[in-house]
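Please look at the disulfides in this structure. The short report below takes them one by one.

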Amino acid sequence: MKKLLVLLAATALALVGCPAPTNSGSPVLDLPRVPWEGASAFYEKFPVTKAAGWADRSFFPIGSWWNNFSSDENVKFDKAHGLNTYFEVNPDSDPDLLAANGMTYIGHLKSAKATAESTRSADMLPDEIDGRYDPPSVGIAELQRIIDEYGDTGRMKYNNFTAVVASKYNNDQITAGNTYVNMVDGPVSVDGYWYTDTHCSDRPYVDWSFVPVNESHCRTASSYGKMVKSVRERVASDGILQPVYVFVELMGGGTESTASNEYISPAEIQGAVMNGIINEARGVVYFNQSFNGACTGGNLIRQVQVDPNHCMADNIAGMREINLKIKSLAPILNTQSYVHTFGPNLDTMLKTHEGAAYIFAMPSGEETSAPGERTFTLPKGITGTSVEVVGEGRTLPVMDGRFSDSFAAEYTHHVYRVTL
């Protein structure tokens, strides 16, 4: 069974948008809630995962894919760049280095030395298993076999799939995708690299996403948020939610270069991450490899540590900046969002924490959307007369329950704090 029965009633209330208490002690706005699985509280039911600190409200999972380490200096460098989790490691990696630095990893049963198994905060299931078996029933049976082999380890189980599970090709594929993402009670991610994959430049342009991505805004940060929304729809197909993580490339996301944009930029990395979070991603996974173009590598973060002037140094610096911002906002991110439309052509997320409302905002990826000024209409219950733009040293006036701000590019994002 994917979920514990004791959670069914509470989750069902969340799914229909009924108000439920957050874990911040803030007043409750008279608004419906965004469906959620509990954020940091989700991890409390897994003893090892909880012991690793995942249930702490100040923890928000931020990890890199196959970012190997061999020294204390390596782990400290990663932690200083805002990472707290490794998604898979080499078999000879020493987990004791992670324990000494308060870091954890998600890995296969035999992916690292067994001297410090407690640092393996989650069990990793086979990567992209949905793309490796045809018919899907064979892949589903193989995944179930591996789940049974793990048994109950006291850890949550993490699954990463291809973009197919966020698509709607036909009913059989949809049914298979629904089955895949709901086979275990644990986080799910999908690796779709909108800025660098060939999909956006293929002609004729065809989009099969559950949440449609229009051609004019395909190669934008908003597509990462739409991917998260699509996966959340698949996860919710059984009526019970679990966390969805946003997957973002650090340089090039595939094995082929694209015609229009071979590499992602630092600002695009940040925008992709933030749009995923605005669309209710509960964690971040970075694709730490680059296989196309002139700047390639199997461990981009480590290559920048060795050579600070490396071709991907700016991107790793951009990653660090958004990671540290997310870390500072973790107690807010680990509260349940409210449903509210602030205005047209906006992607937004509304939360409350310690007597204030927090509005996360970006331009949306619609045909009519473009960078520029946006006007926000505040809901009842938010009474502040000025808005603090978090981390930017700016304040904005509130007039008649509205305020305005500008967005320089499609990946520009702002976080606003307003007194309740």
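This predicted model holds two disulfides. A disulfide is a covalent bond between the sulfur atoms of two cysteines. Counted along the chain, the bonded cysteines pair in the pattern 1-2, 3-4.

| Disulfide | S to S distance |
|---|---|
| Cys200 to Cys218 | 2.0 Å |
| Cys295 to Cys311 | 1.9 Å |

**Cys200 and Cys218**

Start with the link of Cys200 to Cys218. The torsion about its S-S bond is about -75°, so this disulfide is left-handed. Where do Cys200 and Cys218 lie? Both sit in the loop between strand 6 (188-190) and helix 7 (222-235). Are Cys200 and Cys218 buried or exposed? Both are buried.

**Cys295 and Cys311**

Now take the link of Cys295 and Cys311. Is this link left-handed or right-handed? With 90° about the S-S bond, the link of Cys295 and Cys311 is right-handed. This pair links distant parts of the chain, 16 residues apart. Cys295 is in the loop between strand 8 (283-287) and helix 9 (300-306). Cys311 is in the loop between helix 9 and helix 10 (313-333). Cys295 has a relative accessible area of 4%. Buried means under 20%, so Cys295 counts as buried.

Key. Residues are numbered from 1 along each chain as its sequence is written. This is a predicted model: local features need pLDDT of at least 70, side-chain atom pairs count only at pLDDT 80 or more; totals for chains, interfaces and linings use all residues. Side-chain values use heavy atoms; hydrogens and water are left out. A disulfide is a pair of cysteine sulfur atoms within 2.5 Å. Helices (H or I, at least four residues) and strands (E, at least two) are DSSP runs, numbered from the N terminus. Buried means under 20% relative accessible area, exposed over 50%, partly exposed in between (1.4 Å probe, protein chains only).
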